[in-house]
Amino acid sequence: MPRTAAPTVRPVRPAGARRGRLPRRVAAAWWWALPVAVALAATAWRYDAKPLWRDEIYTLATAVREPAVMLRGLRVTDAGLGPWYALMHPWVQVSQSAAWLRLPGAVAAVVAVGLVAGCARRLRGPVGGAAAGVGAGLCAALLPVLVEHSQEARPYPVVVLCVTAAAYGLLRDRERPRGRWLLLWVGASTAAAALHVLSGAPACAALVAVVLLRPAAARRRRVLLGAVPLVLVTLAMVAVGFGQAPNRIGDDFPVLSRTLGLWHSVAGGTVALVVLAVLCGAGLLARAGGRGRFAALFTAAWVAAPVAANAGSALGGQLFEPRYATAAAPGVAVLCGLGVAAVAGRGSARRALAAGLAAALLLVAQVPHLAEVRRQPYVVDDMPSAARDLAARARPGDAVVYLGNTTRPMARLHLPPGLGLDDVLLRRDTPVSVSIGGDEVPDGERAAVLAGRSRVWLVGIRLNDPWEVVFPASSAAVRTGRSLRFDAEHGQVRVQLWARPGTA
């Protein structure tokens, strides 16, 4: 007789088993849920308490333009951030409030914290992975360099999210290649390079290079092909950005000291910096169940690449800004989490207590600095106070001269309507001009335009060099035949009144 297969007997689940699965999963995800909750609270606290500062004004004033006008302006300056402004263009059509403008960065910062925790857990492995995840996530949630940018309408939080998503996708695709993980890291790394070539591109390129060295279950051909969009976009953005802004800083710029100073911007103070350095060192030396070498190489490259790119930019005559190295911060947090897990070790109550105390000390040391930053009434530009000075002292018919292309749109945002200030140098207004500050009377004609004006207000951003050096034509035209009657500084915004003798 032919044999027949035995019938499959499926075990009968208890009635409450399916319902209990979700709570168990939620309980098991505490290692990322806790950091995300802390990040959400830190980002929401005094979310829109500060006025938009000059870089946020640049985002608004550029993104609000019609696409053709925006493109014409980007051909002249800031083309390296063109994809960011294009991304924000439909966003600002909904609202132009500070809260709405900052929302993409706020959401990106919170999501990035969860991915940082996921990266640390993956790098650590099953033993100690939860400790690494929660340590890295909490560090990222309160790391000053990340928290300070989480409430700004600039691309840096979104770049951080893209880089972290690329790192997480690479780790998952390396362990178990799947189409969704390939799509995640390819898309995220390409977006990071497009949004900021000095921050996102080097971080993602370094992470891809490390995976190429140690591909694990992934094929090197798969990684190389996935990196093609990243390379192409990076080359295009480098060509656009560097070709547009040659020799932005002098040969005497202290590249080494400023690069070393980046580490102080990562921590909130000396104590936090020391604890962070110790935990990161422990993370680099951790064996992590056989994954130690790869984890150390992966995180070290993540941290070093954006810093090196920033320093290289300065050596090449381009700008150097601490925020250009922001993409390194998630790598620092992951290293910190690996250090927490390494100190905790396996099963030792004393070591676990030591790891917990170190992590708590780091977080507690960050809080005073973060509270101070959050309580500040403005970022760097106190334009609301400057506008109050103008409103209180200006007279109908007074002329005003704005120095710097972000000063005019910032002042307009806060000046009361009907003030009567005569913006005499403006020829073509910002919605249709090349510059977001408007097209103005040529330098050689400014003295003649201002010649008949008795009272002229000079409003601008205080820079390292005096105004007469940075803005010689406007400064000379305003000062000729007039004396200084009023001078006040509000943050980095300076307001002056120059008047002819005998003028009240």
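**View 1. R102 in helix α6.** R102 sits in helix α6, which covers residues 98-124; helices are DSSP runs of H or I with at least four residues, strands are runs of E with at least two, and both are numbered from the N terminus. The model is predicted, so local features need pLDDT of at least 70 and side-chain atom pairs count only at pLDDT 80 or more, while totals for chains, interfaces and linings use all residues. Residues are numbered from 1 along each chain as its sequence is written, and side-chain values use heavy atoms, with hydrogens and water left out. R102 has a relative accessible area of 2% and is therefore buried (under 20% relative accessible area, with a 1.4 Å probe and protein chains only).

**View 2. Surroundings of R102.** A polar atom of the R102 side chain lies 3.3 Å from the backbone oxygen of P51.

**View 3. The four-stranded sheet.** Four strands form an open sheet in the order β1-β4-β6-β5, with mixed pairing (two strands pair if DSSP finds at least two bridges between them). The edges are β1 (399-403) and β5 (483-490); each has a single partner strand, so one side of each lacks a neighbour in the sheet.

**View 4. Pairing of β1 and β4.** Strands β1 and β4 (residues 455-461) run parallel and are joined by five bridges. V400 has W457 in β4 as its bridge partner.

Conventions: Buried < 20%, exposed > 50% of the residue type's maximum accessible area, 1.4 Å probe, protein only. Polar contact = N/O pair within 3.5 Å; in protein donor to acceptor, adjacent residues only side chain to side chain.
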